[in-house]
Structures are given as C-alpha cells and as structure tokens.
Amino acid sequence: MDFLSNRSDVAIRKEIRGIRDSYHHYWDLLAELLQNSRDAISRKKQTGALGPFFIHLEIDSSNNSVSALDNGIGIPSEKIHEMLAPGGGDKDGIGKEVGEKGVGLTYAVFSGNNFLITSRIAGKEAYGGSVVAAQNWLNDYPGSNKPFFSADQNIQGLPEKYSVNLNISNDTQSTYPLDSYTKISVGNITPSDDTSIFHLTAQQLKVLILSRTAAGVTSQLFNPAEALEFDFYLTTNLPSGSSTEKIDSTYTKPHELVTASNRIPLQTVRDAFVSKNDASAKRKYLGSKTVYVSERRAIDGWSIDVYGVMFPDNDTFKQLSKSTLALCSSDEDESEGATLFQSGIFVGTKGMPTGMKIEPKPGGRYPAYYKRCFFLVESSDLKFDLGRKSLHYKYVRRLQAAVSEVFSKFEDIAVYQGDARATPSEAQKTSIQRKLELQAEWVAAKGLADLNESHIQYAKIPNNQEAAVAAIFHELLGAGVIKGYQTLKTGYSARYDMHTIYTSPDGQVVDSIIEFKHNLDSLIKDLQEKQKNFSDINLLIAWDANEQALKNSGFDLDSIAVGFFSGATHTLTVPVPGIDPIEVILLRTFFDRRKSSS
C-alpha cells in the first residue's frame, strides 16, 4: 500500500522534512503519541463509552524504541494509510481535541526505522502493519528505498481485556476493556542531536512527561475538582534499571513541591495585608512562604487561565530539582534532565502543556522577580505551527498581558517575602512522606541494572553518580583486578578528586592526579568554564562517554588495548594546545572486555 501516493521522492522528502523540522524538542515524539492517545480516548467518551480508560507508554533504551497503547476509539483499517501520509490526519483543530494539524503520525513514522501500528474499532477485527527504514530514506542514506505501509495479514490483535503488570508495591493493578484500541511503536530511533529521551533517568522522564506532554493534564490547576480522564502507566527500560508504574496523570503543580505549611494562596496574603500597614508586620506574616494563584483573565476577548507561583528565592528551582523532584544531584548539573524544572512562562492549551516557553512582557516595577516565578498560561483560542514551535506575536502579546496582570500582584508582596529555601527539612516531613520517599529510594536502588562482577561487592551499575564510579574503582583496586594505585587523598569538593602514587608493571613510579566522572562528556563543561587544568590530570575514570558529544566539542576519544595505567581503555585528546592525550578508564568498556575474555 503506497501511502505516499505517486509524488516524486524529491517532493515528498521536502514536505516531510518540513514537517520534521517544525518540531524542535527532543520530547516531541512522546508528545505526539500521547496527544493522539488522549484524543482517541476523548472521541470514545463522546460515544457514551464508560471506560475505564488508560494510556500505557513504554520507553526502551536498549533498542531506542517508544510505544503507546490506549483503549480509545481506534482507527478504521481503511483510514490508516491516509493518516500516515503528510496532512492526512483527521484532526480539524476545532473543539477540545489537543491535536490540530494531522501530521503527528507522519512525524512518528519518520522518527525511526521500525514503525508498527495495530488498531481495532468496536465490533471489528484488529488491523495493522509496519513501515520500515523510513528515517533512513528521509535522510537519503545510500541504498534506502521509498518506504511503504505493509499490512500484516496475520495480525492477532490484543485480547478483550488488558492488565498492566506493575512492579511498584504501592500501585494497585487494574483491568481495562480493549474492545477498541490503538498501539503505535516507533523503534530504531536515531536522535537528531545529542539530547535524547533515552539519556534521561526514569524520574526525569516522569517529570518530562507530566510537564511537557498530554499525559500531564493541566485542567486541575484551574478546576481542582475535575476528574481525571484516564489512567496512565509508564514502563521504562534504561541502563539504570527497568520498572512499570502507574502515575497520576496530572500536571506537576510546582507549589505542591513545598510542604503545606510553607505555601499560601496569593489572595490570602492580599487580604491579610489590608490590616497590616507596617512593613515588618507584613514580613513577619509572609515570611519565606511560597505564594501561588490560579485565575482567569480576559484579554482582547480571549479567556486566558493563568497559574502562577512565586518562590522565596531564585535558588528554589535548583533546590527542589535536587531534593524533591530528584532531577539532579548537584547544583552544577546543567544537563537537559536536570533543567526540566525552571522559572519562566510556559504555555498550555486545551488542558495540555506544550513545553513552549515565552518571554515576559517588558517593564514592571520589579522585573527581576520573574526569576523566582513559574507561570503556566493557557487558552483554548491558541493556534500553533505544525510542531508547536512558535506562536504568532499577537497570541504571545495576549498571553504576556495576562501573566503581567497576575505578576503585578506578586510584585505588590514580593518585597515582603523573605529569602529562604523552600525545601522541606526532614523535621517538617510527615512520617508518611518519609516512608514513601524511602520506599521510592529502595525501589529505585533495587531496580538498577546488575553489574555482574563477581570479584567486587558493588552490585549495580552507577546511577548517574560520580561517587559510585569512585567506589567501584576502589573495589576493583581492593580486589586486585586493577593494580598499582596507592591512594593518598580523596576529596569530593577539592580541586581534584584523588591524589595517588602509581607504580606501573615495569616499575615506574609516578605521582598521579585522577579525576572521576559519571559521564566523561561532563568534561565539556569543565573546559568551557575553565574549572580544571587539564595539564595536571594524569588519568580520567568514568562509567561511560557520549563520543559524539565529546567530538562536537573538540575532544577525540580513542580506544586502546593496553595503557600505561592499569585498566586504561581509551585515550582522550583535549582541545587545549600543549596538552598530551590523557588515558581513560571507561568502566563500562572495562567490564565488557572482562566478560568477553572470560
């Protein structure tokens, strides 16, 4: 079945590349699949179906694949080929559906080289098929042929009932009807740049999905009593471990990241300030509480919902990212996953976040206070380009005006808000909070992938922690697997991580400085910020490395069989004149070589 009709390859590639280039977020594929699922459920509810409804998203880094299953209305077999074609979708941009342009499935097809779709509508047999090597053809790889949709004549379909197998103990298992459904899988995905969903942790993926895609329903920000439309499940298979859990499909509310005693509605503060003429009394009343508000504004005939939070200081975003959201482990982490929670004005539409960020309106009495504020601004009147990449300036101006009206109320009280971290201390947490946090930590620890090295006691692969890399190295040293290192000094916050005296197999004795990294490519930031003097470093030890990211920044990583230092697997050429290549131990490579030689 030729879903690309009879147009020339040049014309089709040009159109599809235009669609692909209209998307610029690394999470866009997740966003498209989830909004299609949510729309399918919405359509099924309109038929009078009672549900319960669900979406099950699976992300597998072992083969760079993503799949989404929903028990929505399904796709008729006669429409599948049409919906895969550019502009062939059945979205009209009218009503409550979050999809608008009808290009989402086309984008999904050409996001990878293994596209599979299975669907069933009520009262019909399941139908589906595949498209192979579409991404290769779009990128004009030698030998790639024009892709086509191949129907599966022997498709079995899914059973009438569906249960999700959970491995998180506090989740309850549910069963869902599958009289109609759609399952879409995209495999063998090659990310277009160094940033990829497959590089994130499971926790980072959860925050990303709930704050940037249709799985994070924003309606409850403005109508807390509104019921959830569907149950949401997330399965992840990542280097750090595998898990399946049920996740509350609501947008993460930033003000709820602090304890109830440390947050207060804006209107409550404004009402209290009426009777407090003295500045010190206002400061004493407000203290370092987080202030939040949800309200509707009318701008140029538009109805615009604005949710806003003002934290007590700019640093709160980073502190909450570390302590509560578990997006990062240090203030210095500036990776994509670590920066998912930040100040700014974010745009939503029809109960769904888009991940789009706009600048605040210029001016104001205290514009610097925007840096401690988070806003989500939403209107069903918004119209986007194909990939929700940009908004017309007239739309942006209206959204800015709505936020500005709310921000002016924050400005009224901001000068009385004390600077203090909003992170709850252990003493402020309830016993239930502590128990749930501890349970989550145990689940995460036990879910890490096994290291499978019998000579040491460290059981799991490092979970994005530099300290874990150092611990594994020292266990290898203690077990005699790596030899010749006599440690003199280590220091977490010191200039360099370890000072050691190294004795080579031929008897050479060298004073050596060793630096530990979880990912070797974090050296890029060290170079950019001139944090390290590379001429002082003798050996680098990391779990793994993104070779392309290193190469893009001028570093060259070359594999070696044997080095001067025991255990060395690579050399790294640093883009600094006069610096000799530095030997590297990549522990993942080291263990792989041991397994292959045993």
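# Close-up views of a predicted model

**View 1. Helix H10 and its cover.** Helix H10 is mostly covered, with six of its eight residues buried, where buried means under 20% relative accessible area, exposed means over 50%, and partly exposed lies in between (1.4 Å probe, protein chains only). Helices (H or I, at least four residues) and strands (E, at least two) are DSSP runs, numbered from the N terminus. The model is a predicted one, in which local features need pLDDT of at least 70 and side-chain atom pairs count only at pLDDT 80 or more, whereas totals for chains, interfaces and linings use all residues. Residues are numbered from 1 along each chain as its sequence is written, and side-chain values use heavy atoms, with hydrogens and water left out. The buried residues of H10 are Thr-316, Phe-317, Lys-318, Gln-319, Leu-320 and Ser-321, and what covers them includes strand S16 (373–378). Ser-321, which lies in this helix (residues 316–323), is buried because its relative accessible area is 1%. Leaving aside neighbours within four places in sequence, Ser-321 is in contact with Ala-326, Leu-327, Cys-328, Ala-338 and Phe-341, contact meaning heavy atoms within 4.5 Å.

**View 2. The whole chain as the setting for the close-ups.** The protein chain has 16 helices and 23 strands, and of its 598 residues 50% count as buried. Among contacts between residues at least 6 apart in sequence, 66% join residues at least 24 apart. The chain exposes about 27,500 Å², of which carbon and sulfur atoms supply 49%; accessible areas come from the Shrake-Rupley method with a 1.4 Å probe, and for residues only the protein chains shown count as cover.

**View 3. The largest nonpolar core.** A nonpolar core is a set of buried Ala, Val, Leu, Ile, Met, Phe, Trp, Tyr and Cys residues joined through side-chain atoms within 4.5 Å. Of the 70 residues in the largest such core, Leu-57, Phe-115 and Phe-232 touch the most other members. The largest share of this core, six residues, comes from H2. Not counting residues up to four places away in sequence, Leu-57 touches Leu-30, Leu-34, Val-66, Ser-67, Ala-68, Ile-209, Phe-232, Tyr-233, Leu-234 and Thr-235. Another core, of 35 residues, lies apart from the largest one and has Val-293, Ile-345, Met-356 and Ile-413 among its members.

View 4. Ser-37 has its place in helix H2 (residues 28–46) and counts as buried because its relative accessible area is 2%. Residues up to four places away in sequence being left out of the count, Ser-37 touches Ile-55, Ala-68 and Asp-70. Pro-52 is found in the loop between H2 and strand S1 (54–60), and the peptide bond that leads from Gly-51 to Pro-52 is cis, with omega near 5°.

**View 5. Two residues with positive phi.** Most residues other than glycine have a negative phi, and most peptide bonds are trans. Ala-133, in the loop between strand S4 (127–132) and helix H5 (134–138), has a phi near 60°, a positive value in a residue other than glycine. Its relative accessibility is 22%, so Ala-133 counts as partly exposed. Asp-300 lies in the loop between strand S12 (290–299) and strand S13 (302–310), and its phi, near 50°, is likewise positive in a residue other than glycine. Asp-300 counts as exposed because its relative accessibility is 54%.

**View 6. Ala-298 and Arg-398.** Ala-298 has its place in strand S12 and, at 69% relative accessibility, counts as exposed. Ala-298 and Arg-398 are 100 residues apart in sequence, while in space they are 9.3 Å apart, C-alpha to C-alpha.

**View 7. The packing of helices H13 and H16.** Helix H13 (residues 466–478) and helix H16 (residues 587–597) pack at an angle of about 40°, with their axes 12 Å apart. H13 is therefore oblique to H16, given that angles under 35 degrees count as roughly parallel, over 145 as roughly antiparallel, 65 to 115 as roughly perpendicular and the rest as oblique. The axes are lines fitted to C-alpha atoms, for helices over the stretch in contact, and the angles run from 0 to 180 degrees between N-to-C directions. Val-469, Ile-472 and Leu-476 of H13 make the contact with Leu-587, Phe-590 and Phe-591 of H16. By class, this contact has six nonpolar, no polar and no charged residues, where Ala, Val, Leu, Ile, Met, Phe, Trp, Tyr, Cys and Pro count as nonpolar, Asp, Glu, Lys and Arg as charged, and the others, Gly among them, as polar.
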